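Trainee: I would like to learn how to read a structure from its overall dimensions down to single residues. Can we work through one together?

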Amino acid sequence: MSRSDSFTIATWNINSVRLRRGLVESFLTTHAPDVLCLQETKCLNDQFPAKAFAKLGYEHVALNGQKAYHGVATLSRIPFATVDRRDFCRMGDSRHVETTVDVAGTRLRIHNFYVPAGGDEPHPAINPKFAHKLQFLDEMRQITTDTGEHDAALLVGDLNVAPLENDVWSHRQLLRVVSHTPVETETLEDMRTGAGWLDLMRLRVPPSEKLFTWWSYRARDWAASNRGRRLDHIWGSDALEGALADMSVLTEARGWEKPSDHVPVVARFAL
DNA sequence: ATGACGATCCCAGATCGA
């Protein structure tokens, strides 16, 4: 590809891709990212509506699905150079798919993650789901930004942790709520910095401002109460900081008909 | 916020999400 190409990536926890195929189609048509990373697809690979997305130009798809739970998928208009999937915690869950694409002479590695939610009780000794989440985050330390000289890397997805005080509607009230407990936020931030990742969303929106990507289905009026959390993330290797041209959270998507409880996050780079 | 919602699956109440 030529020098100085624009590259756009989006990440979206879709909460069933079959139920919300129309929303994905509408998003792809309107926002036209080069790559879309989906989480919680909740279907087997042969049930994934790949043909519908191929019709819109997304001919390349890397799937890691399972029945009813979890599942990730990466859709692309650009051919994948490589595709890989990793198992974490030896659980056999479908929570990661890794692809590479070549853009403007750069090989871009894209990790798409769905980190375990962690259950209700934030104590690993009494809640195996929370222990699994912490172990998963610990194993993610091996996903580093180490790439070749002309390469760059992205790590995106639903990480199920809101690390900063303004990543939740009330820091004080959520300190003992799973997704914002100190052990989670510290583990996530230590893992992120240790592996060399930059929190690209927070390079654009200062930590002093509230920033959410998820709002509970249980609120009577999600927009009025605005009790959100930033659970979805776009991380990048050093080379991508200077290349970041635009970053947006598509808050309006939470108000669409039969919405996901998460909204898309979009980043554009001038590579 | 210990959930009023929503999705899934051997179709109906349990389980999961966060």
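Predicted model: local features only at pLDDT ≥ 70, side-chain atom pairs only at ≥ 80, totals over all residues.

Trainee: How many helices and strands does chain A have?

Mentor: Chain A contains eight helices and 14 strands.

Trainee: What does the radius of gyration say about chain A?

Mentor: The value is set against what a compact globule with that number of residues would have. The C-alpha trace spans about 50 × 40 × 40 Å along its principal axes.

Trainee: What share of the residues in chain A is buried?

Mentor: A residue counts as buried under 20% relative accessible area. In chain A, 55% of the 271 residues are buried. The chain exposes about 12,200 Å², of which carbon and sulfur atoms supply 46%.

Trainee: How are contacts in chain A read by sequence separation?

Mentor: Take the contacts with a separation of 6 or more; residues 24 or more positions apart account for 68% of them.

Trainee: And the charges: how far apart are the mean positions of the positive and negative ones?

Mentor: Chain A has 32 positive and 35 negative charges, and their mean positions are 6 Å apart.

Trainee: Which residues have the most contacts inside the largest nonpolar core?

Mentor: They are Phe7, Ile9, Leu154 and Phe269, in a core of 57 residues.

Mentor: Leu211 lies in the loop between helix H6 (200-204) and strand S10 (214-215). Leu211 is buried, because its relative accessible area is 10%, under the 20% cut-off. Beyond residues up to four places away in sequence, Leu211 touches Asn166, Asp167, Met201, Arg202, Val205, Arg229, Arg230 and Val249. Its C-alpha atom is separated by 9.6 Å from that of Leu164, 47 residues apart along the chain.

Trainee: Where is Ala253 placed, and what does Ala253 touch?

Mentor: Ala253 sits in the loop between strand S13 (244-249) and strand S14 (265-270). With a relative accessible area of 2%, Ala253 is buried. Not counting residues up to four places away in sequence, Ala253 touches Pro259, Val263 and Pro264. The C-alpha atoms of Ala253 and Phe27 are separated by 9.0 Å, although the two are 226 residues apart along the chain.

Conventions:
Residues numbered from 1 in each chain as written. Chains lettered and ligands numbered in written order. Heavy atoms only, no water. Helix = DSSP H or I, 4+ residues; strand = E, 2+ residues; numbered from the N terminus. Rg over C-alpha atoms; globule rule 2.2 N^0.38 Å. Buried < 20%, exposed > 50% of the residue type's maximum accessible area, 1.4 Å probe, protein only. Contact = heavy atoms within 4.5 Å. Areas by Shrake-Rupley, 256 points an atom, 1.4 Å probe, with all protein chains shown as cover. Lys, Arg positive; Asp, Glu negative; His and termini not counted. Charge placed at Lys NZ, Arg CZ, Asp CG, Glu CD. Core = buried A, V, L, I, M, F, W, Y, C linked by side-chain atoms within 4.5 Å.
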